[in-house]
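Please read it beside the sequence and the model.

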Amino acid sequence: MNLLETQAQLAARAMEMLEAASGLSVSELCQLGFDHPAAKNYVELSSVYFGPTKSRRKQADARAAAIKNGHTLNTLELIEKHVKRLDDATKAWGLRRLLCRREADYHALNRFAREEVERLNGPSESAPARTAVSYSNPSDTLDRTLHLTGPEARVANLFDRARELAEALDVELAEAMFTLFEEGTGGTATYTPKVIVRLEDYVAILNGDGDDVELAVTNGARMTGAEYMQSRFTDYFECVLIDPVRGPISLGTGVRFATPKQRGMIEPVHPVCAEPGCCQPADLSQINHNIPHGRDGPTDLSNLTLLCRYHNGVAGDKVRYKNVNGEGHRIRPDGTLERNEHPTAKLGAMRII
């Protein structure tokens, strides 16, 4: 049995490992050799499945089901993610037991859990209509009121455009809003709103699971991960990635081209073109968007690969690349990944650290 087989077997025994961690603190687990995020996950999950609760029978049933179905720490964390979305906390153990009884197929479990949470929560009474307009026309006044309802980010951006136009023209905010509606002037807001994204959520968004991720924007709005991928606040926007241990770690931009800072961070990873067998140096190479910018691919380090002029030119639907552990790989026609094994490529930053 090799190390990978041993790791796979241990992953399927997550409940036993949580029982062993029950009662230990984060610092105690760190002393055993776990890093802080892993230790924190063990403590949180062990308190759920082995800590005190009024639903002891459901807790025991959930433990037994999780063991039977080979649930891993990843699938148990996924279950907790959906449990936290419940509006009624009294339904938590019922949902946990139901999800633990499902097979430990991460993506199938995620889809089922999402539908089950929506069913249990029922229709959202507080969710605004995606787009709606109402108009009041009272008979005893010359005033009229126009109500516009829509996605938070779009409405917030419209308000910010009016506020900046009001300052530029030195008029009241209402007059600036009339100017926007009547003349279509004012352009877009010139400030740069920042979308605050946890690193794990950003990975989920790039994997197409953005509907379940709610993000905050520094203009006061909120949006889902899917809306973030489609949004255009201005011609330029920023995404702030947040790591639970290191804090802010990266800025992604909505502009077409990578910044000099980003290029400076990519070149040590790719001292030569990332295409297998290519020897063109980084100095003569270009930045490629793995997910094309025209398809809402972000100009962010996780989506950028260094390619020579030729391979960047032929990259597209038939020639695609993907970053794995920070390093660009070509996606072969059969779906497998291949990286450049040129001697210089082997000295790239991600291979020697």
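Arg63 counts as partly exposed because its relative accessibility is 22%; the class lies between buried, under 20% relative accessible area, and exposed, over 50%, with a 1.4 Å probe and protein chains only. The residue is found in helix H5. Helices here are DSSP runs of H or I with at least four residues, strands are E runs of at least two, and both are numbered from the N terminus.

Leaving aside neighbours within four places in sequence, Arg63 is in contact with Met15, Tyr49 and Phe50, contact meaning heavy atoms within 4.5 Å. Arg63 and Cys100 are 37 residues apart in sequence, and their C-alpha atoms are 7.6 Å apart in space.

## Basis of the model

This is a predicted model, in which local features need pLDDT of at least 70 and side-chain atom pairs count only at pLDDT 80 or more, while totals for chains, interfaces and linings use all residues. Residues are numbered from 1 along each chain as its sequence is written, and side-chain values use heavy atoms, with hydrogens and water left out.

## The chain as a whole

The chain has 15 helices and 12 strands. Of its 353 residues, 36% are buried. Among contacts between residues at least 6 apart in sequence, 51% join residues at least 24 apart.

## Helix H2

Helix H2 spans residues 14-21, and its buried residues are Ala14, Met15, Leu18 and Ala21. They lie on the same side of H2, because they cover an arc of only 120 degrees around the axis; the arc is that of the directions from the helix axis to the C-beta atoms. Glu19 and Ala20 are exposed on the face turned away from the buried side of H2.

The buried residues of H2 pack against H1 (3-11), H3 (26-31), H4 (36-50), H5 (56-68) and H6. Just after H2, Gly23 has a positive phi of about 90 degrees.

The axes of H6 (residues 73-83) and H8 (residues 106-121) come within 10 Å and cross at roughly 15 degrees. Therefore H6 is roughly parallel to H8. Axes are lines fitted to C-alpha atoms, for helices over the stretch in contact, and angles run from 0 to 180 degrees between N-to-C directions. Angles under 35 degrees count as roughly parallel, over 145 as roughly antiparallel, 65 to 115 as roughly perpendicular and the rest as oblique. In H6, Asn74, Thr75, Leu78, Ile79 and His82 meet Tyr106, Leu109, Asn110, Ala113, Arg114 and Val117 of H8. By class, this contact of H6 with H8 has 6 nonpolar, 4 polar and 1 charged residues. Nonpolar covers Ala, Val, Leu, Ile, Met, Phe, Trp, Tyr, Cys and Pro, charged covers Asp, Glu, Lys and Arg, and the others, Gly among them, are polar.

H6 also packs with H7 (residues 92-100), at an angle of about 145 degrees and with the axes 10 Å apart. Leu76, Ile79, Glu80, His82 and Val83 of H6 meet Ala92, Leu95, Arg96, Leu99 and Cys100 of H7. The contact of H6 with H7 has 7 nonpolar, 1 polar and 2 charged residues.

## H4 against H6

H4 and H6 pack at an angle of about 70 degrees, their axes 11 Å apart. That makes H4 roughly perpendicular to H6. Asn41, Tyr42, Leu45, Val48 and Tyr49 of H4 make the contact with Leu73, Leu76, Glu77, Ile79 and Glu80 of H6. By class, the contact of H4 with H6 has 7 nonpolar, 1 polar and 2 charged residues.
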